[in-house]
Amino acid sequence: NHRRLGPFHIIDNAHSRQILYMTENDNEEIDETGAYAGTSSDGTIEEEESPTEVISSYKSKISTRRTGTEARPGSSAQTPIDVTMKFGGSSLANAERIDHVANLIKDRTNPPPNEDGSPSGENPVRPRAVICSAMGKTTNSLLAAGEMALEGRVDIEALRTLHLGTCRKFDIPERTRNDVKKLLDECEDMLNGVRLIQELSPK
């Protein structure tokens, strides 16, 4: 007799392949093919699909084709290519570089027409994600600020100038600008903590 405690499990090792089955009540049995054989209320035997058959059936219903990427029949529009974009710190070093990256994404998403007005032959892309590194040398500046805090000095004015200046350049809403200020204040508070306790551990 077996009692089901959870779903079945497949175990593979170098010597054998085992499929473990668990049943829900003492009236159920498992035959050699792996199918469930349960006793119904009227005493007849009911068989269910084996787990392997269930998995195969499930996989056969999964479509690998992505929806929404096909061009309409008869349309000259090209099918967008799904991409993930990654930009390093030097590409986002200042407001001008960020503006260049933003226009680059826009042009790749919707390629502009050729000089003669004809449609661009370039395939458009559809960014699934745009990953941006910290601006310029921000990471190096933070590491240096930590070392300076151990020496008793706290100074993040260069970071404030870079980030708040960029916010002003793009006329970022005041609410977002305040969020940036709060993050900079938190950074300064943490560095003051490092200065006071003289500890700069990974935590």
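The side chains of Glu 151 and Arg 153 form a salt bridge with an N to O distance of 2.9 Å, where a salt bridge is a side-chain nitrogen of Lys or Arg within 4 Å of a carboxyl oxygen of Asp or Glu. Glu 151 is exposed, at 57% relative accessibility, whereas Arg 153 is partly exposed, at 45%. These classes follow the relative accessible area: buried is under 20%, exposed is over 50%, and partly exposed lies in between (1.4 Å probe, protein chains only).

The structure is a predicted model, in which local features need pLDDT of at least 70, side-chain atom pairs count only at pLDDT 80 or more, and totals for chains, interfaces and linings use all residues. Residues are numbered from 1 along each chain as its sequence is written, and side-chain values use heavy atoms, with hydrogens and water left out.

## Overall architecture

The protein chain contains five helices and seven strands. Helices (H or I, at least four residues) and strands (E, at least two) are DSSP runs, numbered from the N terminus. Along the sequence, their order is β-β-β-β-β-α-β-α-β-α-α-α. The chain has 203 residues, of which 21% count as buried. Among contacts with a separation of 6 or more, 49% join residues 24 or more positions apart; contact means heavy atoms within 4.5 Å.

## Salt bridges

Side chains of opposite charge can pair when their charged atoms come close. A search of the whole structure finds eight salt bridges, including those tabulated here.

| Pair | N to O distance |
|---|---|
| Arg 126 and Asp 82 | 2.9 Å |
| Glu 151 and Arg 153 | 2.9 Å |
| Glu 157 and Arg 160 | 3.8 Å |

What do Arg 126 and Asp 82 tie together? Arg 126 belongs to strand E7 (residues 125-132) and Asp 82 to strand E6 (residues 81-87), so their pairing connects parts that are 44 residues apart in sequence. Arg 126 is partly exposed, with a relative accessible area of 24%.

Glu 157 and Arg 160 both belong to helix H4 (residues 157-169), where they are three residues apart, about one turn of the helix. Glu 157 is partly exposed at 43% relative accessibility, while Arg 160 is buried at 14%.

## Packing of H3 and H5

Helix H3 (residues 138-150) packs with helix H5 (residues 174-197) at an angle of about 35 degrees, their axes being 7 Å apart. Axes are lines fitted to C-alpha atoms, for helices over the stretch in contact, and angles run from 0 to 180 degrees between N-to-C directions. The crossing of H3 and H5 is right-handed, a term for a near helix turned clockwise from the far one by less than a right angle.

On the H3 side, the residues that meet H5 are Leu 142, Ala 145, Gly 146, Ala 149 and Leu 150; their counterparts in H5 are Cys 187, Leu 191, Val 194 and Arg 195. The residues of this contact comprise seven nonpolar, one polar and one charged. In this division Ala, Val, Leu, Ile, Met, Phe, Trp, Tyr, Cys and Pro count as nonpolar, Asp, Glu, Lys and Arg as charged, and the others, Gly among them, as polar.

## Nonpolar cores

In soluble globular proteins, nonpolar side chains tend to be buried together. A nonpolar core is a set of buried Ala, Val, Leu, Ile, Met, Phe, Trp, Tyr and Cys residues joined through side-chain atoms within 4.5 Å. The largest has 11 residues, among them Ala 145, Ala 149, Leu 164, Val 180, Leu 191 and Val 194. H3, H4 and H5 are the elements that give two or more residues to this core, and H5 gives the most, with five residues. Beyond its neighbours within four places in sequence, Val 180 is in contact with His 163, Leu 164 and Cys 167. Another core, of six residues, lies apart from it and includes Leu 92, Val 101, Ile 105 and Val 125.

Arg 177 lies in helix H5 and is buried, at 15% relative accessibility. Not counting residues up to four places away in sequence, Arg 177 touches Leu 164, Cys 167, Arg 168, Asp 171 and Ile 172.

Asp 171 is located in the loop between H4 and H5. Although Asp 171 is not a glycine, its phi is positive, about 55 degrees, and the residue is exposed at 63% relative accessibility. Gln 198, in the segment after H5, also is a residue other than glycine with a positive phi, near 55 degrees. Gln 198 is partly exposed, at 45% relative accessibility.
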